[in-house]
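Trainee: I'd like to walk through this fold with you, one piece at a time. Can we start once it's up on the screen?

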Amino acid sequence: MQSERLIFRKFSLDDIDDVFEFGSDDETCKFVTWDKHKNILETEKVITDYFMKNKYCFAIVEKISNKCIGSFEFKADIKNNSLSFGYVLNKKFWNKGYMTETLNFMLGYAFNTLKVNRVSATHIRENLASGKVMEKCGLEIEGIFEDVEFLKGRYITLVYRAILRKNYLKGEKEYETIRNA
Ligand SMILES: CC(C)(COP(=O)(O)OP(=O)(O)OC[C@H]1O[C@@H](n2cnc3c(N)ncnc32)[C@H](O)[C@@H]1OP(=O)(O)O)[C@@H](O)C(=O)NCCC(=O)NCCS
């Protein structure tokens, strides 16, 4: 699968150095729930036991460099026909619109191909960049849970966001109308 500047594909062990690059970085891992990778063996385990086993976990590859610059994963809630997601990007590639491009693509995949009813995510309140990406892609705030989890030595406040199928399709229709005007 691909968007304008990015390819989304399954992970393989060939990605190990690229994954270690972002998975072991303090700044990148500050706002994620998992612990940073302490060594390349941990990265190998994450790729084989987690990334490669999840059907909806994608390596984000920059077309121009053919480098794996991040990951995007959906978690499926089959009974309720909904998905939640998480993502991370190598900090050398931040603020180029890459994760917005990824999330926009993945929402199209979720609603148009997988035909789900709801897509949701959470982010730590201080993670303004992540909140901005979700906001730009149309995910509305459903609630803010103060000090809801104890993570990496402190209480964190989580912002819950989601977009429903009916609102996504309405947005797509409006976009088409503007484009054709
Ligand atoms: C969150 C993350 C995925 C964003 O990826 P990205 O490709 O840099 O995002 P984009 O470039 O598409 O958009 C980022 C937006 O946030 C804004 N932004 C960045 N840092 C910001 C900050 N400190 N405060 C406010 N806005 C900020 C950018 O200006 C941009 O908005 P704009 O397009 O209106 O200018 C990336 O920073 C990352 O991987 N962070 C570490 C892991 C992480 O936090 N994962 C998410 C856990 S919920």
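Trainee: Which residue in β3 is the bridge partner of V61?

Mentor: Keep in mind that this is a predicted model. Strands β2 (residues 57-62) and β3 run antiparallel, joined by 6 bridges. Follow V61 across to β3 and its bridge partner there is C68.

Trainee: And which residue in the turn of the β2 and β3 hairpin has a positive phi?

Mentor: The hairpin leaves 4 residues between the two strands. Look in that turn for a phi of about 55°, and you land on N66.

Trainee: How many of the 11 residues of strand β3 are buried?

Mentor: β3 covers residues 67-77 and is largely enclosed by the rest of the structure.

Trainee: Is S82 buried or exposed?

Mentor: S82 belongs to strand β4 (residues 82-89). Leaving aside residues up to four places away in sequence, S82 touches K75, A76, D77, V116 and R118. Its relative accessible area is 11%, and the cut-off for buried is under 20%, so S82 is buried.

Trainee: Which strands stand at the edges of the sheet?

Mentor: The sheet is open, with 7 strands in the order β1-β2-β3-β4-β5-β7-β6 and mixed pairing. An edge strand here has a single partner, so one side of it is left without a neighbour in the sheet; that picks out β1 (6-9) and β6 (140-151).

Trainee: In β7, what is the bridge partner of F150?

Mentor: β6 and strand β7 (residues 154-164) run antiparallel, with 8 bridges joining them. Find F150, cross to β7, and the bridge partner is Y155.

Trainee: What angle does the direction of α4 make with that of β3?

Mentor: α4 packs on the sheet, touching β1, β2, β3, β4, β5 (118-124) and β7. Against the direction of β3, the angle is about 35°.

Trainee: Last one: is α4 oblique or parallel to α5?

Mentor: Helix α4 (residues 98-113) and helix α5 (residues 128-136) have axes 9 Å apart, packed at an angle of about 40°. The contact uses M99, T100 and L103 of α4 with V133, M134 and K136 of α5. Given that angle, α4 is oblique to α5.

Conventions. Residues are numbered from 1 along each chain as its sequence is written. This is a predicted model: local features need pLDDT of at least 70, side-chain atom pairs count only at pLDDT 80 or more; totals for chains, interfaces and linings use all residues. Side-chain values use heavy atoms; hydrogens and water are left out. Buried means under 20% relative accessible area, exposed over 50%, partly exposed in between (1.4 Å probe, protein chains only). Contact means heavy atoms within 4.5 Å. Axes are lines fitted to C-alpha atoms, for helices over the stretch in contact, and angles run from 0 to 180 degrees between N-to-C directions. Angles under 35 degrees count as roughly parallel, over 145 as roughly antiparallel, 65 to 115 as roughly perpendicular and the rest as oblique. Two strands pair if DSSP finds at least two bridges between them.
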